[in-house]
Amino acid sequence: TYIGIMGAKAVARTSDTITSAQNRLNALNGATPESTNLAMNKMYVTAQNSRSSYSDMLSNVSKTMTLAGDAFDNNIDNAIRFQEIMAKAYTVGGASQEEASSSMYQLVQALGSGVLQGDELRSVREGAPIAYKEIEKFAQKVLDTEDSLKDLASQGVITSDMVVAAIMDAGNSIDDKFENTAMTFQQAANMIKNMAMQAFKPVLEMLNKALNSDAGKVILDGI
């Protein structure tokens, strides 16, 4: 009974992650069910290539496009590529899945607020030092200064646009460093979970449709 309950909770949690991402992506200007499905498939491939969590990828991309779409020129492919580079940067930095997820959550919040500073900046420095250095180098070049990133961030000049541009500019360099890292058991588990989630996505979508059907509403009313 316990295993059945925990399994049901895991299925419901996964279904909610997919549905929430779909809702955000469908709300974007010009979005269609077809474009949303295509974007989600791209995120799956990207998650596998970076050995990161597909669930996190769905959540982070959809949130960044909702909160800071302008920083990505309102192009979801740019947001996906940004997430891929950051996922690889966390791996190069030796961050665990939990550390990477927590840090990326804070970075998404920073992008939404428009500036990177405080705890969000510290989480990037600790989880992805290579990304931190690339942002610092890019900011010093753009602002024509030798001030540290910490000092610049305290001045509120490290904007979302600057962060995204810095990471995208460093993409190839981080890709190369990532290729020289060895896969961990946790990353292998991520890839297996991603495959299971992708394979069961039609079933999860069917369950969600049943939940939102007239019969589903009758059951909820009865409960």
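Predicted model: local features only at pLDDT ≥ 70, side-chain atom pairs only at ≥ 80, totals over all residues.
Residues are numbered from 1 along each chain as its sequence is written, and side-chain values use heavy atoms, with hydrogens and water left out.

On the inside, 40% of the 223 residues count as buried (under 20% relative accessible area; exposed is over 50%, partly exposed in between, with a 1.4 Å probe and protein chains only).

Now the fold. You'll find 12 helices and zero strands, so the pattern along the sequence reads α-α-α-α-α-α-α-α-α-α-α-α (helices are DSSP runs of H or I with at least four residues, strands are E runs of at least two, numbered from the N terminus). The radius of gyration is 19 Å, close to the 17 Å of the globule rule for 223 residues, so the chain is as compact as a globular protein of that length. That radius is taken over C-alpha atoms, and the rule is 2.2 Å times the number of residues to the power 0.38. The C-alpha trace spans about 65 × 40 × 30 Å along its principal axes.

As for contacts (heavy atoms within 4.5 Å), take those with a separation of 6 or more: residues 24 or more positions apart account for 67% of them.

On to charges: the chain has 19 positive and 26 negative ones, and their mean positions are 6 Å apart. Lys and Arg count as positive, Asp and Glu as negative, while His and the chain ends are not counted. Each charge is placed at NZ of Lys, CZ of Arg, CG of Asp or CD of Glu.

Finally, the rings. There are two aromatic pairs, where rings of Phe, Tyr and Trp (its six-membered ring) pair if their centres lie within 6.5 Å; planes under 30 degrees apart are stacked, over 60 edge-to-face, and the rest tilted.

| Pair | Centre to centre | Plane angle | Type |
|---|---|---|---|
| Tyr44 and Tyr54 | 5.6 Å | 75° | edge-to-face |
| Phe72 and Phe82 | 5.5 Å | 70° | edge-to-face |

Tyr44 sits in helix α2 (residues 33–49) and Tyr54 in helix α3 (residues 54–68), 10 residues apart; both are buried. Phe72 lies in the loop between α3 and α4 (76–92), and Phe82 in helix α4, 10 residues apart. Phe72 is buried at 1% relative accessible area, and Phe82 is buried at 0%.
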